[in-house]
Amino acid sequence: YFKQVSRVARATITARLERIDTESGVAAGSNGKMYCLLHAPLRFFRVTPGDTITLEVPVDGGSWAAVVGKTETCYTESRYARLVPHA
């Protein structure tokens, strides 16, 4: 059990998931910082390293972030070009 003493101001950012460990994950935020993530929301949203996700981070700074969701990936990058049929 825990007690929330006061609400923390948060900002919503996008990030790219770098890696998933056994108990946590690491994401690189659009603001240039690295954030630790809990493993449960990563499994819930079925993300894999390289996916773009939406995070809520504390405005005052911190190393942990909350996963809000997964943004749909557009497969137009060069590494996926062979999978996209040419019109």
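Helices (H or I, at least four residues) and strands (E, at least two) are taken as DSSP runs and numbered from the N terminus. On this basis, the chain has 1 helix and 5 strands, and its pattern along the sequence reads β-β-β-α-β-β. The structure is a predicted model, in which local features need pLDDT of at least 70 and side-chain atom pairs count only at pLDDT 80 or more, whereas totals for chains, interfaces and linings use all residues. Residues are numbered from 1 along each chain as its sequence is written, and side-chain values use heavy atoms, with hydrogens and water left out.

The accessible surface of the chain, computed by the Shrake-Rupley method with a 1.4 Å probe, comes to about 6,600 Å². Carbon and sulfur atoms account for 56% of this surface. A residue is termed buried under 20% relative accessible area, exposed over 50%, and partly exposed in between (1.4 Å probe, protein chains only). Of the 87 residues of the chain, 25% count as buried. Contact is defined as heavy atoms within 4.5 Å. Among contacts between residues at least 6 apart in sequence, 47% join residues at least 24 apart.

The 5 strands form an open sheet in the order E3-E2-E1-E4-E5, with antiparallel pairing. Two strands are said to pair if DSSP finds at least two bridges between them. In general, strands of a sheet pair through backbone hydrogen bonds, either parallel or antiparallel. Strand E3 (34–38) and strand E5 (66–70) stand at the edges of the sheet; each has a single partner strand, so one side of each is left without a neighbour in the sheet. On average, neighbouring strands of this sheet are turned by 45° against each other, direction ignored. For such angles, axes are lines fitted to C-alpha atoms, for helices over the stretch in contact, and angles run from 0 to 180 degrees between N-to-C directions.

The pairings may be followed across the sheet. Strand E2 (residues 24–29) is joined to E3 by 5 bridges, and the two run antiparallel. Within this pairing, cysteine 36 of E3 is the bridge partner of valine 26, while glycine 25 stands opposite leucine 37. The hairpin of E2 and E3 has 4 residues between the strands, and glycine 32 in this hairpin takes a positive phi near 90°. E1 and E2 also run antiparallel and are joined by 5 bridges; here leucine 17 stands opposite alanine 27 in E2. A hairpin of 3 residues connects E1 to E2. Strand E4 (residues 52–58) pairs with E5 in the antiparallel sense over 4 bridges, and leucine 55 stands opposite valine 67 in E5.

Burial was then examined along the strands. E2 is mostly covered, with 5 of its 6 residues buried. A nonpolar core is a set of buried Ala, Val, Leu, Ile, Met, Phe, Trp, Tyr and Cys residues joined through side-chain atoms within 4.5 Å. The largest nonpolar core holds 13 residues, of which Ala27, Leu37, Ile53 and Leu55 touch the most other members. Strand E1 (10–20), E3 and E4 each supply at least two residues of this core. Leaving aside neighbours within four places in sequence, leucine 55 has contacts that include Ala11, Ile13, Ala27, Leu37 and Val67.

Attention next turns to the helix and the loop that follows. The structure holds 1 aromatic pair. Phenylalanine 44 and phenylalanine 45 form this pair, which is edge-to-face at 5.0 Å centre to centre and 80° between the planes. Rings of Phe, Tyr and Trp (its six-membered ring) pair if their centres lie within 6.5 Å; planes under 30 degrees apart count as stacked, over 60 as edge-to-face and the rest as tilted. Phenylalanine 44 counts as exposed at 64% relative accessibility, whereas phenylalanine 45, at 25%, counts as partly exposed.

Arginine 46 lies in the loop between helix H1 (39–44) and E4 and is exposed at 70% relative accessibility. Its phi is near 55°, a positive value in a residue other than glycine. Most residues other than glycine have a negative phi. Glycine 50 is placed in the loop between H1 and E4, and counts as buried at 18% relative accessibility. Leaving aside neighbours within four places in sequence, glycine 50 is in contact with Arg16 and Leu17. Glycine 50 and alanine 27 are 23 residues apart in sequence and 9.2 Å apart in space, C-alpha to C-alpha.
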